[in-house]
Amino acid sequence: MTLGEQVTQEEFENISAVFLEGLLTAIPAYFARVEAELVREGEVYLDWLIELESDVESELARLLSAPAETQREPPVGLIRRRILEGLASNGCSASIPALQRRGLLPASAVDIDSDLSALHLAWGVAKARRMRALTQESTRG
């Protein structure tokens, strides 16, 4: 496959499903690391993390099952945003710098689990190719 090749909707859906599976497998361990860091930082009320983890998993499933052109946020961006929102709404904003230092406010899927790097790259390339295909289809039609 070359960089110029287009990706069909079905191919994009397949790559998205594999990326979602990898993310859902890695999310529990990632949230456990977030929880451990928050405890280390002195946070004691963390029951909200359980609900947040479930919400993030559901939102990732919705996002990655949507067509490429409607995905307005990258999956890792969704996770980062939701973690930041959870921290802010639960009085844990003071722990943000510690989470940032420890790589727990993900900038890429590698920050969630190093095994996700290839899946994240494949999904990103597939999304770019799919968007290119859609752009070319709309200019032809």
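I started with Glu10, which counts as exposed because its relative accessibility is 56% (exposed means over 50% relative accessible area, buried under 20%, partly exposed in between, with a 1.4 Å probe and protein chains only). The model is predicted, so I noted that local features need pLDDT of at least 70 and side-chain atom pairs pLDDT 80 or more, while totals for chains, interfaces and linings use all residues. Residues are numbered from 1 along each chain as its sequence is written, and side-chain values use heavy atoms, without hydrogens and water.

I placed Glu10 in helix α1, residues 9-40 (helices are DSSP runs of H or I, at least four residues, numbered from the N terminus).

Next I looked up salt bridges (a side-chain nitrogen of Lys or Arg within 4 Å of a carboxyl oxygen of Asp or Glu). I found eight in the structure.

I checked Glu37 and Arg102, whose closest N and O atoms are 2.8 Å apart in a salt bridge. This pair links distant parts of the chain, 65 residues apart: Glu37 is in helix α1, and Arg102 is in the loop between α4 (96-101) and α5 (117-140). Glu37 counts as buried at 6% relative accessibility, whereas Arg102 is partly exposed at 45%.

I then turned to Arg81, which is partly exposed with a relative accessible area of 31%. Arg81 forms a salt bridge with Glu73 at 2.8 Å between the closest N and O atoms. Arg81 also forms one with Glu85, at 3.0 Å. Glu85 and Arg81 both lie in helix α3 (residues 75-89), four residues apart, about one turn of the helix. I noted that salt bridges with shared partners join Asp55, Glu59, Glu73, Arg81, Arg82 and Glu85 into one network.

Terms used. Helix = DSSP H or I, 4+ residues; strand = E, 2+ residues; numbered from the N terminus.
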